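The sequence and the model come first, and notes on selected features follow.

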Amino acid sequence: MRRDVTGEPPAATGPDRLARWVTELFAPQVLVIAMPPLAGLLAQGWTGAAWGLLASALCGGVPAAVIAMGVRAGRLDSRHLVERAGRTKPLLAAAGAVLAALVLLIVLGAPTLLVATVAAMLGALAVTVPVTLRWKISFHAAVSGGTVVVFAQVLPPPPTLAAGAVLLALVCWARVRLGHHTTAQVLAGLVVGVAVTAATLAAFGEL
């Protein structure tokens, strides 16, 4: 959060309030929980949605619970993990949950799109977790970018990508506006999210 010369947070302006709303609505936890069942529903109806719920419970629900307990205990600053130093353990827990979800979906014979989506989440974590040990890459931007790529496979691509580009610009702006990331950090996260997701879906024949 930006602070004035006294060190106190300034009164929230209209842009600041918008940035906070965007940060909350498109938080990584929210997208990881909401995206798999919705993408599954659009791709394969209610059966796909059920598979997606299983994926979101593990990929999103487990990390969300770990972070919530950390915030409650005072070990973490917020569910957005603003302080880079506090990110490592929650992110490792997230990687473990995503890996477990991937194995389970493969064993149970889940639809290829959902398996590829979860594999993309794991791939993105494999890139971003080591980076965040030294540099605060944006997970908001990475997860948002990957989400747009997935939805472009289950919705008409041109309008989905156009709307997605506007959304991604808004998310990146919000993170910089609140002082949680630099422009380079949000752009790096965006590139990782889009590139890893696209490459993974292509490898599974879903792109």
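## Helix packing around H4

In this predicted model, helix H4 (residues 112–132) and helix H5 (residues 139–154) cross at roughly 160°, and their axes come within 11 Å. Angles over 145 degrees count as roughly antiparallel, so H4 and H5 are placed in that class. The handedness of the crossing between H4 and H5 is right-handed.

H4 also packs against helix H7 (residues 183–203). Here the axes are 8 Å apart and the angle is about 140°. H4 and H7 are therefore oblique to each other. The crossing in which H4 passes H7 is right-handed.

## Overall make-up

How many helices and strands does the chain have? The secondary structure comes to seven helices and zero strands. Along the sequence, this gives the pattern α-α-α-α-α-α-α.

The chain has 207 residues, and buried residues make up 45% of them.

Arg-177 belongs to helix H6 (residues 157–177) and Asp-16 to helix H1 (residues 14–25). The two residues are 161 residues apart, and the pair links distant parts of the chain.

Are the two partners buried or exposed? Asp-16 has a relative accessible area of 4%. Buried means under 20%, so Asp-16 is buried. Arg-177 has a relative accessible area of 26%, and this residue is therefore partly exposed.

## A nonpolar surface patch

Which residues make the nonpolar surface patch? The patch consists of Leu-99, Val-103, Leu-104, Val-107 and Leu-108, and its area is about 430 Å².

One of these residues, Val-103, lies in helix H3 (residues 88–108). The relative accessibility of Val-103 is 45%.

How values were computed
Residues are numbered from 1 along each chain as its sequence is written. This is a predicted model: local features need pLDDT of at least 70, side-chain atom pairs count only at pLDDT 80 or more; totals for chains, interfaces and linings use all residues. Side-chain values use heavy atoms; hydrogens and water are left out. Helices (H or I, at least four residues) and strands (E, at least two) are DSSP runs, numbered from the N terminus. Buried means under 20% relative accessible area, exposed over 50%, partly exposed in between (1.4 Å probe, protein chains only). Patches are made of residues with over 30% relative accessible area and no salt bridge: like charges are joined within 9 Å, nonpolar side chains (Val, Leu, Ile, Met, Phe, Trp, Tyr) within 5 Å. Accessible areas come from the Shrake-Rupley method with a 1.4 Å probe; for residues, only the protein chains shown count as cover. A salt bridge is a side-chain nitrogen of Lys or Arg within 4 Å of a carboxyl oxygen of Asp or Glu. Axes are lines fitted to C-alpha atoms, for helices over the stretch in contact, and angles run from 0 to 180 degrees between N-to-C directions. Angles under 35 degrees count as roughly parallel, over 145 as roughly antiparallel, 65 to 115 as roughly perpendicular and the rest as oblique. A crossing is left-handed if the near helix is turned anticlockwise from the far one by less than a right angle, and right-handed if clockwise.
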